[in-house]
Amino acid sequence: MVGDVLRKEREKQGMTIADIEKGTSIRALYIECIERGNIEGLPGMVYAKGFVRNYASFLRLDAEKLMQQFAEEQGTPIAPPPPAEEKPHRVTLSSVGDESLSKISIGGNGSSSYAGIFGKLAVGIIVLVALVGGGAALVSYINTPARETVQVPSEKTTVAAPAAEADAADEARSAAAQDVRVSIHLSERCWTEVQVDGETVYEGLLEEGVTENWQGKDSIVVRAGNAGAVEVTANGKKLGKFGAVGEVVERRFTKTTKDLKDTVSMPAPHPSAEAEKTPQPVRSPKDASKDTKNMR
């Protein structure tokens, strides 16, 4: 099992679970669950795979291979990325060299080529057009009396240009305002996953001091394995800490997000929390009356 591989390598390197927790920002409880194969104690498969990858990377093992093996052990293998589609090669005249055209002859005469004929024909047409146009212009100039014309610049034209530029700037600002923008800054190392408009764009361990930015059309979902190490800014406004230190938190940001209370906070359940939620038996009024009589 992957948990056994990670535990043996940790012990081989002389490190404790506390050392792994400090180096990866993964809670010791989750590290123990991974090593023992206790998947129920982890906050979910998405977080579990990220924890295994970061744990393996910290021990300088093949992180991708171990994460793939972990997913197969849990019955959720990771599908390989689809092969890149090859774009059809377009053949144009510009891609055919002049040398190739020059080798095509007319009537079997090698001295005459398409390239030479086309060149001579184009030069002849240009000279003919120039002669005809120049002659017509000369005749028109001789037969037309001289007139002085003064062109007055149109005020509407000069005023329209700044107005058009202002409208374009307003449209650009309006388009930018319609996007969702999220920025995070790490005060400590933290495992992070980001989804932009429903698509996962990042999953991994961010180092201390790193600042990352994302932009989407509808929503941005950020999951942090150590919420206290993350400072978040949404739509240009600083919202503060992502959550408590060591807490696994998921938040969803939209165009209307102005405060952390506007996001949906989804902390991972702690194993001890399930025990606290165990319902207690309800005592009926008759039972309460019997207890009172016994006390008397």
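Helix α2 (residues 17-24) packs against helix α4 (residues 45-58) at an angle of about 105°, and their axes are 10 Å apart. This is a predicted model, in which local features need pLDDT of at least 70 and side-chain atom pairs count only at pLDDT 80 or more, while totals for chains, interfaces and linings use all residues. Residues are numbered from 1 along each chain as its sequence is written, and side-chain values use heavy atoms, with hydrogens and water left out.

**Helix packing**

The angle makes α2 and α4 roughly perpendicular to each other. For such labels, angles under 35 degrees count as roughly parallel, over 145 as roughly antiparallel, 65 to 115 as roughly perpendicular and the rest as oblique. The axes are lines fitted to C-alpha atoms, for helices over the stretch in contact, and the angles run from 0 to 180 degrees between N-to-C directions. Helices (H or I, at least four residues) and strands (E, at least two) are DSSP runs, numbered from the N terminus.

On the α2 side the contact is made by D19, I20, G23 and T24, and on the α4 side by N54, Y55 and F58. Contact here means heavy atoms within 4.5 Å. Sorted by class, the contact of α2 with α4 has 3 nonpolar, 3 polar and 1 charged residues. In this sorting, Ala, Val, Leu, Ile, Met, Phe, Trp, Tyr, Cys and Pro count as nonpolar, Asp, Glu, Lys and Arg as charged, and the others, Gly among them, as polar.

A further helix pair is α1 (residues 2-12) with α5 (residues 63-73), packed at an angle of about 140° with axes 9 Å apart. That angle makes α1 oblique to α5. Here V2, V5 and L6 in α1 meet L66, Q69, F70 and E73 in α5. By class, the contact of α1 with α5 has 5 nonpolar, 1 polar and 1 charged residues.

N54 brings us back to helix α4, where it has its place. With a relative accessibility of 5%, N54 counts as buried; buried means under 20% relative accessible area, exposed over 50%, and partly exposed in between (1.4 Å probe, protein chains only). Not counting residues up to four places away in sequence, N54 touches T24, I26, W191, G204 and L205.

Leaving aside neighbours within four places in sequence, G204 is in contact with N54, C190, W191 and T192. The C-alpha atoms of G204 and E193 are separated by 6.6 Å, and these residues are 11 apart along the chain.

| Residue | Relative accessible area | Class |
|---|---|---|
| G204 | 5% | buried |
| C33 | 5% | buried |
| C190 | 0% | buried |

As for cysteine pairing, the count comes to 0 disulfides, where a disulfide is a pair of cysteine sulfur atoms within 2.5 Å.

Strands of a sheet pair through backbone hydrogen bonds, either parallel or antiparallel. In this model an open sheet of 4 strands has the order β6-β3-β8-β9, with antiparallel pairing. Strands β6 and β9 (237-241) stand at the edges with a single partner strand each, so one side of each is left without a neighbour in the sheet. The twist averages 20° from one strand to the next. Two strands pair if DSSP finds at least two bridges between them.

Strand β3 (residues 180-186) has 5 of its 7 residues buried, so it is largely enclosed by the rest of the structure. It is joined to strand β6 (residues 211-216) by 6 bridges, and the two run antiparallel. The bridge partner of S183 in β6 is N213. β3 also pairs with strand β8 (residues 230-234) in the antiparallel sense, over 5 bridges; here I184 stands opposite V232 in β8. β8 and β9 then pair in the antiparallel sense over 4 bridges, with A234 standing opposite K237 in β9.

**Backbone in two loops**

Most residues other than glycine have a negative phi. In the loop between β8 and β9 lies N235, which has a positive phi of about 55° although it is not a glycine. D197, in the loop between β4 (190-196) and β5, has a phi near 55°, a positive value in a residue other than glycine. At 36% relative accessibility, D197 counts as partly exposed.
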